[in-house]
Amino acid sequence: MSQCAYPEDAGYLKCDMDDASETHEESLGEEAFDTVNSSIVSGESVRFFVHVNLQVQPSQAAESELPDGCGLLHTSRKYLKLKNFEEEIRAHRDLDGFLDRASIILNETATSLDDVLRAMLLRLVHKPDNTESDCNLDLLMAVLFTDAGTPMEGKVHLLSDTIQGVTATVTGVQYQQSWLCIICTSKSLLKRHVCISRLVRPQNWGENCCEVRFVILVLAPPKMKSTKTATEVGRTFATMFLDITFRQKLLKTRTEEEFKEALVHQRQLLTMMDQGLTPSLKHYSISSICIPKSHQPLQQKDFFPVGKGIREDFARRFPVYPLDFTDGIIGKNKAVGKFITTTLFLYFACLLPTIAFGSLNDEITYGAIVIRGICDDYDLDFNTFYAWTGLWNSFFLTLYALFNFSLIMSLFKRSTEEIIALFISMTFVLDAVKGIVKIFQKYYGTSHGNHNADHISVLSLLGLGTSLNTSFHTALNTSLLANPPELTSVSSRSAEHSSRETAVLSLLIMLGTLWLSYTLYQFKKSPYLHPYMREILSDCALPISVLTFSIISSYGFQEINMSKFRYNPSERLFKIAEMQSLSLGAIGSAMGLGFLLSMLFFIEQNLVAALANAPENRLVKGTAYHWDLLLIAIINTGLSLFGMPWIHAAYPHSPLHVRALAVVEERVENGHIYETIVNVWETRLTTLGASILVGFSLLLLPLPLQWIPKPVLYGLFLYIALTSIDANQLFERMALLLKDQASYPPTHYIRRVPQRKIHYFTGLQVLQLLLLCAFGMSPLPYMKMIFPLIMMAMIPIRYKLLPRIIEAKYLDAMDAEH
């Protein structure tokens, strides 16, 4: 057997798990079979090796036909990660808990495994502070082995669940046979227990246990937090006992205090090793957890020379540009079907919110968007003022791109990005709720079609969206927005069908759209139909639900008048603004608005690009933050001159687009199912196709697009909001406040950050979210105008304020990707 403690190329830890058959279950109860969660990791030179043995006894009817003692033994193996004492806080807490309630047996004279384990259980049961009043010693002893409850002639006396260290060599696998960790779960236990026994002389207990000197017994209830299970506790002590030097030191201890001191010293060594502070140990790798590199402060030279970032982006993206049109179309691996379904999803995800937000703006501002209101107040030409604002916006965006300002976005940590992303999702929900409330106020609470204007507030910064997330790219064309109140006759308003049926049906249509779309979105996880069909239904969830409930609303309830958006075909689309008609003062005012607008565009464009290019999405063709920003400026210059809505990357459409093009696999860890992206089809064909379809949609006005009722659009808002928070870590941590600790997922921050610190951090993020809501959802236009400054203020909050409340290492752990 190798005597190397942490060999660079040869090291494992082995865990044997033997569970009995149904006969065993009937005699001992479910606790005899509670499987212990284990992590799987690859690429490590030193690992835990899990070995599962399942003994299945023949039925009573078949026993007479089989030779005496025959049975079935099912064996499987898994790897466990070594405990990282620098990052995983439970490693220290497990040891501290053991030291506080130490159960240490020195110089155990028993020679048989059964006698040793019984002595250890007696030590645990007879402790002065023992609270396990209902603990049954015989039951616990039986659960440790596989043969409880089986016929006498069929006994196979094996340990049910063990961890051992193994060493990989060129000739095979060699076991570290001087120690053995035995883990067990039982419903009769109330809390975790650990007992360590040191034998007087090595004992031979069979294959791979020929010279055992140390036995570690870990007992735990089955319903425990994922970081507190018996396997996790056993992993802590097994990581320590893997070092032969440490085991030799334990052999020399004379008292329990010396034994404890050796444990504490070993913990310090492992912590220093993980931190890379011990030169003699720094070449060993015992953790697969990725530690994020500390951020280097930006310097002035990073922003020069001018255009450096654009040139680098262009050089990085240009070689793969042809592949953006051929991948998935030409070659062996084709994905034409996925491209079609993704194009349809993107088409509906872009078109319908445009109609919905345009409709909301039309109602809220009576057909006159805010810039038009400003122009009316100061007697300015709307098209010209709009064009100057857009030109200044594009000018500042060009400066940001030339001077590499996108580097500033590296200061936005993951937690900050998720705050803004959750804020955007909340605005979708708020817009849907406001829309349905307006329908109830119009049809349910009053017998007249007129709506009380006193309750109407301006909810858009520049009138191109009712919320910052849709700010400018989802805004409806002016032809949909601009239907001034004077064009709507009083007779048409009084002719509206006012009934409670309209309000109730609108609510049901909205919720039905949400239910069907989300059900189909999750259908890929169901066992029904062929996997390919499930994927198609999941990708087409949005168009299917919209079309279904539009037909139900328009044809199933024709006698009920549903609320639909208005359309005014009198507006000219391609009308060039008269740029010379504004005074210098008005142009200066447009510059101020354009500057604030450019900050919002800059943040949202780069934020969405960062979320789409997140490491977990596994995009491989590279990023182009500076080049994309310059393209946005160029495109918006032309749109401004013609009075058309501006564009930029949108959340959550862009991340959802990446998700729709991804090949996803499911994995199970500690009883929790996770979806992992294997690869993403990086193509431009889907966005190109969706844009073409959006352009052709002008031919569908007013019909059949007006057949889509507003409640369907509001249901679409809820669907987009619900799907966008699936991978939002802030939302997941907020949900932890309502969960039982046993149901906590084994995420990286659960393992590496104290629970109290996690909740502190979540609370601070919620406060920042509320700050964004106070400004971003304010009814006062001037409050919304400084919203970009509030988003920029979150950088010093993260770097200066939060480290004063929570240690920097915990903040970095929660900001890490994995």
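Reader: Is Glu232 buried or exposed?

Author: This is a predicted model, where local features need pLDDT of at least 70, side-chain atom pairs count only at pLDDT 80 or more, and totals for chains, interfaces and linings use all residues. Residues are numbered from 1 along each chain as its sequence is written, and side-chain values use heavy atoms, leaving out hydrogens and water. Buried means under 20% relative accessible area, exposed over 50%, and partly exposed in between (1.4 Å probe, protein chains only). Glu232 has a relative accessible area of 2%, so call it buried.

Reader: Which residue does Glu232 meet in a salt bridge?

Author: A salt bridge here is a side-chain nitrogen of Lys or Arg within 4 Å of a carboxyl oxygen of Asp or Glu. For Glu232, the N to O distance is 3.0 Å, and the partner is Lys83.

Reader: Okay, and how many residues apart are Lys83 and Glu232?

Author: Lys83 sits in the loop between β3 (72-80) and α3 (89-100), while Glu232 is in helix α6 (residues 230-241). Helices (H or I, at least four residues) and strands (E, at least two) are DSSP runs, numbered from the N terminus. The pair links distant parts of the chain, 149 residues apart.

Reader: What about Lys621, buried or exposed?

Author: Lys621 forms a salt bridge with Asp327, with the closest N and O atoms 2.9 Å apart. Asp327 has a relative accessible area of 23%, so that one is partly exposed. Lys621 comes in at 10% relative accessibility, so it counts as buried.

Reader: How many salt bridges are there in the whole structure?

Author: Some are linked in a network, which joins Arg317, Asp324, Asp327, Lys621 and Arg684. Searching the whole structure gives 17.
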